[in-house]
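I opened the model today and kept short notes on each thing I looked up.

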Amino acid sequence: MTDLRILAIDTSGKTASVAISDGARMLWEKTVFTKLTHSQVILPMVESALEETGFDYPDIDCIAIANGPGSYTGLRIGVGAVKGICMGAPDIKAAGVSTLLALAYNCVGFEGRILAVMRARPKIIYAAAFECSGGKILRMSDDRVCSEEEFFAQTEPCDHIMLVGDCAEEIKSGRFADADNVRTAPLNCVLQRASSLCMAVEADQTLMCSADELEVSYLQATKAEKDKAHRDS
């Protein structure tokens, strides 16, 4: 399939972001720093995107969603919204895209190593490494939840490194303050953007699936799962 019309939604972090692409152009994008109030803004943003591009749901081939890691609540809101939309328009495919992969696509013009890093809890990060060359993103490691020490101890040195994600600047100032070869993504690209989901799906259409197959990738147990394990122990 080529020339996909993709509606993309990202609710995995502190931004709520929606975009529409048609395979050749990014037709619409809006990103709002919401402080995790995604439920209040995401569906109105989707409606605005469709209205302002002149599309309706039957015109969309695929809805891409950042399916984790990230905010538990935000991920559930986003995936639930996509499943709900697809129930009403069953011909639309879904696509679950790693939040860390999408962050790497924020920096698709960079040449070198991209380290996507998000804060999971104090001293613990979600992280993955990617190589970017000629506008192509190659995954170098699986998505992980681990300590900063563990991730960076296992990350190979590289001449050109880009940090992207909500703790990129913190890690740059704390670990790489004097390292000229390590940069942080610019402000407009350091947090989640739905347009990057569009690019990821266009580059790898095997990410597409049915809405029923769409799942959240938390990488760690949710609070409810932890509480249940504690009660059962």
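**Notebook: strand, rings, backbone, charge**

I started with Leu138, which sits in strand S8, residues 136-139. This is a predicted model, and I read each value with that in mind. Is Leu138 buried or exposed? I looked up its relative accessibility and found 53%, so Leu138 counts as exposed, the cut-off being over 50%. Next I checked its distance to Leu101. The two C-alpha atoms are 9.4 Å apart in space, while Leu138 and Leu101 are 37 residues apart in sequence.

Then I turned to the rings. I describe each pair by the distance of the centres and the angle of the planes. How many aromatic pairs does the whole structure hold? My search of the whole structure gave three. One of them is Tyr72 with Tyr218: the ring centres are 5.1 Å apart and the planes stand at 90°, so I logged this pair as edge-to-face. Tyr218 has a relative accessible area of 17%, so I noted it as buried.

Phe151 and Phe152 came next. Their ring centres are 5.1 Å apart with planes at 80°, so this pair is edge-to-face too. I looked up the cover on both residues. Phe151 is buried at 3% relative accessible area, and Phe152 is buried at 13%. I also noted that ring pairs join Phe151, Phe152 and Phe176 into a cluster.

I moved on to the backbone. Most residues other than glycine have a negative phi, and most peptide bonds are trans, so I looked for exceptions. Gly68 and Pro69 are joined by a cis peptide bond, with omega about 5°. Pro69 lies in the loop between strand S4 (62-66) and H2. Lys123 is not a glycine, yet its phi is positive, about 70°. I placed Lys123 in the loop between strand S6 (112-121) and strand S7 (124-133). Its relative accessible area is 68%, so Lys123 is exposed. Leu219 also has a positive phi of about 70° without being a glycine. I found Leu219 in the loop between S12 and H7. At 33% relative accessibility, Leu219 is partly exposed.

My last entry is on charge. Which residues form the negative surface patch? I listed Glu47, Glu51, Glu52, Asp56 and Asp59. I followed up Glu52, which is in helix H1 (residues 38-53). Glu52 has 58% relative accessibility and counts as exposed.

How values were computed. Residues are numbered from 1 along each chain as its sequence is written. This is a predicted model: local features need pLDDT of at least 70, side-chain atom pairs count only at pLDDT 80 or more; totals for chains, interfaces and linings use all residues. Side-chain values use heavy atoms; hydrogens and water are left out. Patches are made of residues with over 30% relative accessible area and no salt bridge: like charges are joined within 9 Å, nonpolar side chains (Val, Leu, Ile, Met, Phe, Trp, Tyr) within 5 Å. Accessible areas come from the Shrake-Rupley method with a 1.4 Å probe; for residues, only the protein chains shown count as cover. A salt bridge is a side-chain nitrogen of Lys or Arg within 4 Å of a carboxyl oxygen of Asp or Glu. Lys and Arg count as positive and Asp and Glu as negative; His and the chain ends are not counted. The place of a charge is taken as NZ of Lys, CZ of Arg, CG of Asp or CD of Glu. Helices (H or I, at least four residues) and strands (E, at least two) are DSSP runs, numbered from the N terminus. Buried means under 20% relative accessible area, exposed over 50%, partly exposed in between (1.4 Å probe, protein chains only). Rings of Phe, Tyr and Trp (its six-membered ring) pair if their centres lie within 6.5 Å; planes under 30 degrees apart count as stacked, over 60 as edge-to-face and the rest as tilted.
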